[in-house]
Structures are given as structure tokens and as C-alpha cells.
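Hi,

Have a look at the structure before you read on.

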Amino acid sequence: KKTTPIITDPQSFIQLTDECVALFNELKPIAGEYARRMKVLKRLNKLIYNYFSDGKPQLHLFGSSANNFGMKNADMDISLVIDEKHVGSPKRIVLRLGDILKRKRMLEVVCLPRARVPIVKFKDEFSELSCDICINNTLAIHNTQLISTYSKIDIRARQLGYVIKHWAKCRQINEPYQGTLSSYAWIVMALHYLQTRNPPILPVLQNMTAPGEERKKVEVEGHDVYFYSNWDSLREFGTPNTSSLGELVTGFFRLYAEEFDWNDSVVSLRTGGYLTKEEKQWAKQTNDRDNILLTIEDPFEVTHNLGRLVDRSNLKVIKYEFKRAYKLAASGKPLSKICEEYVAD
Ligand code: 3AT
Ligand code: MG
């Protein structure tokens with residue numbers, strides 16, 4: 001097996017680190033962006049309240065507007081938490097919500113009541129932000145909090161996440177509708193990479209407790225969503241590891257280009273290590289839809305493989321992209337080359 005020589009001289013990573021930090025600074029939203037989105041959310045909350053007051057409706061932000069990995073003009077992912085007993089099925093709620101939003105002059109309102117996750121899409125008339133509202137997606141609210149907590153422990157977590165997300169977008173492997181990985185899956189992989197460094201840069205929040213406390217279970221929709229959320233006490237956690245961002249980006253590519261065991265391993269943020277496909281009962285594909293070629297365990301919904309959309313042909317593409325990125329990074333090529341827009345030939 002041919003392997004790319006590993007650069008060990010930290011000097012070689014100075015340029016890439018500088019470029020990655022510059023990219024991070026360019027991509028991250030300006031201060032106040034979260035507050036701006038919360039304001040939009042508050043206004044929407046008021047606007048819908050009276051129509052659903054029996055179900056005690058509450059809108060929550062999730063996804064990149066609230067997980068600290070948002071790009072400037074990213075869509076707002078919103079979940080309407082509501083008592084369905086009083087207001088009907090998600091399908092009906094979506095249709096009713098669509099009517100209300102149209103009446104209130106929101107732009108480009110489109111309802112998708114029959115989608116796997118029923119949603120209503122629109123553009124907010126004042127901020128012109130694109131919004132998606134889904135119904136009672138409570139686990140997503142929790143996994144957003146988990147990701148956000150990880151992002152605050154060590155600045156390199158946020159930086160690596162942005163670089164990987166940008167790279168995946170540029171290389172067109174962040175397209176779940178085309179069978180590659182969602183942003184969420186890429187972020188989970190990046191955080192897991194930082195957990196598995198030696199010494200680790202991130203802890204395993206789902207296994208942690210405050211000193212002297214026992215680990216409790218917090219159940220939501222039959223899943224344990226507990227995690228240690230006091231990130232402020234963990235600010236020094238990653239400091240024994242002095243790796244630069246350039247080194248980490250290169251290492252992330254190397255891991256999946258050359259080290260990862262695609263046949264047997266499952267990426268697990270929940271445990272901070274690897275599980276086997278065998279023990280997850282993901283060794284044999286049981287239906288046509290859910291692939292088990294690239295296996296990434298959802299941190300809360302542990303039977304859910306975040307890579308289930310990746311089929312053989314997309315797996316090949318993703319593997320190729322890791323090898324390409326690693327080769328370029330390890331030979332000192334600039335970040336702009338590594339993240340060059342993919343053009344089909
Ligand atoms: P973008 O900035 O929009 O690219 P994002 O973090 O908002 O990134 P997504 O739009 O992919 O990520 O997803 C929005 C949220 O939906 C993130 C997560 O809470 C949930 N989510 C996405 N994909 C999955 C998945 N495969 N399984 C479970 N939850 C998911
Ligand atoms: Mg999103």
C-alpha cells in the first residue's frame with residue numbers, strides 16, 4: 001500500500017494554519033448575528049402564537065444558526081415545539097402554518113407536508129433570511145446544544161469544523177440530497193477527530209459528570225440526551241495538546257485517507273472512540289435505503305447512521321476527496337487549492 005509521507009515538522013504547518021485561521025475569520029458570522037436571528041424568531045413566535053395557542057407553540061432555533069458553526073447567510077432551521085394532541089398531525093400543522101405565513105406576507109412560502117420530515121419553507125420579509133420550520137424535532141434541538149457546547153471548549157474545534165464544512169461544500173460532498181453527508185455529519189466527524197487525539201483536544205461530554213456526581217439519564221423520545229454542559233469548566237481541557245490548526249486539518253484528512261477502517265469501524269462521538277459495525281448490528285444492510293458503507297453514529301439516536309445515504313458510488317467520491325485533500329495538504333499546497341471548487345469533467 002502506497003502512503004503519502006507524513007510531515008512531522010511543525011514549521012510546515014505554519015502557512016496552512018494561517019490560511020485556515022483566515023478562512024475561519026472570514027466565514028464566521030459577525031458578532032450580533034445570533035441575536036439578529038433570535039429577534040426574527042421572537043417575532044415569528046408572536047406571529048403564530050394566537051393561531052395555535054391550544055398547543056402552547058414555541059419556536060426554537062437549531063442547526064447552524066445555534067450550533068456555532070453557522071455561515072453568514074445560512075438558512076434558519078426552526079423547530080416548532082407544540083402539543084400535537086391539540087393541534088393535529090405535523091402534516092396539518094405545516095399546511096396551517098403555511099397559510100398563516102402567507103397571510104402575514106412572508107415571502108416564497110412553500111409547504112412540504114408529505115416530506116419525510118414535513119416542513120414549511122419561506123423567506124422572512126424583514127431580514128430576508130430563508131427559514132425552514134419543522135414540527136417537534138426535539139432531538140435536533142438537543143444535538144444542536146451538544147455541538148454548540150463542544151464548539152466552546154477549544155477554539156480549534158470551531159476552526160476545524162468551519163474548515164471541514166467549507167472544504168466539503170466546495171468539493172460538493174456536503175449534499176445529503178445527492179447522497180453525500182450533511183453538515184451535521186461533517187461536524188460530528190470533526191469533533192470526534194479532536195476527541196481521539198493524543199492528548200485529546202475535546203472530552204467525551206456524554207460520559208462526563210461534575211466531580212462527585214453520578215451520571216444521570218435525561219430521556220427525550222426514548223433517547224438519552226444527557227451531556228455535561230458546563231463548558232466553562234473545560235476551557236483548559238485541550239491545552240496539553242499543542243497541535244496547530246494546519247496540523248489538525250492535515251491529520252483529519254490523513255485519518256480518512258489512510259488510517260480509518262472503512263469495513264469495520266463506526267465513528268462514535270458519544271463514546272469518543274470507534275465501535276464496530278458488528279456490535280452496532282450494521283454489518284449487514286437490511287434494506288435498500290440505509291447504507292452502512294460509511295458509518296457514523298448519531299450521538300443521541302444511536303440506531304441512526306448519519307452516513308446512511310452514502311452508497312457505493314458516493315463512498316468512492318468521498319474517499320477520493322480525502323486522498324486528494326491529504327495529498328495536497330501534506331505536500332504544502334495552499335488551502336485555496338485544497339478547497340478548490342469541484343468541477344465535473
Ligand atoms: P448548514 O450551515 O445549514 O450547512 P447545519 O448545521 O444547519 O449546516 P444541516 O442543515 O445539515 O446542518 O442540519 C440542520 C440540523 O438538523 C442539524 C441537526 O440538528 C439536524 N440534522 C441534520 N442532519 C441530520 C441527520 N442526518 N440526523 C439527525 N439530525 C440531523
Ligand atoms: Mg442548516
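Ligand 1 has 19 residues around it, the closest being Gly63, Ser64, Ala140, Ser182 and Ser183 (a residue counts as near if its C-beta atom, placed from the backbone, lies within 6 Å of the molecule). Before going further: this is a predicted model, where local features need pLDDT of at least 70 and side-chain atom pairs count only at pLDDT 80 or more, while totals for chains, interfaces and linings use all residues. Residues are numbered from 1 along each chain as its sequence is written, and chains are lettered from A and ligands numbered from 1 in the order in which they are written.

Back to the shell: seven of its residues are nonpolar, nine polar and three charged (Ala, Val, Leu, Ile, Met, Phe, Trp, Tyr, Cys and Pro count as nonpolar, Asp, Glu, Lys and Arg as charged, and the others, Gly among them, as polar). α5 gives the most, three residues (helices are DSSP runs of H or I, at least four residues, and strands runs of E, at least two, numbered from the N terminus).

Domain 1 is 10-27 + 151-338 and domain 2 is 33-140, with bounds from an automatic or database domain assignment. Their C-alpha centres are 28 Å apart. Where they touch, domain 1 puts in 14 residues and domain 2 seven (contact: C-beta atoms, placed from the backbone, within 7 Å). On the domain 1 side, α6 has the largest share, four residues.

Cheers

Key: Contact = placed C-beta atoms within 7 Å.
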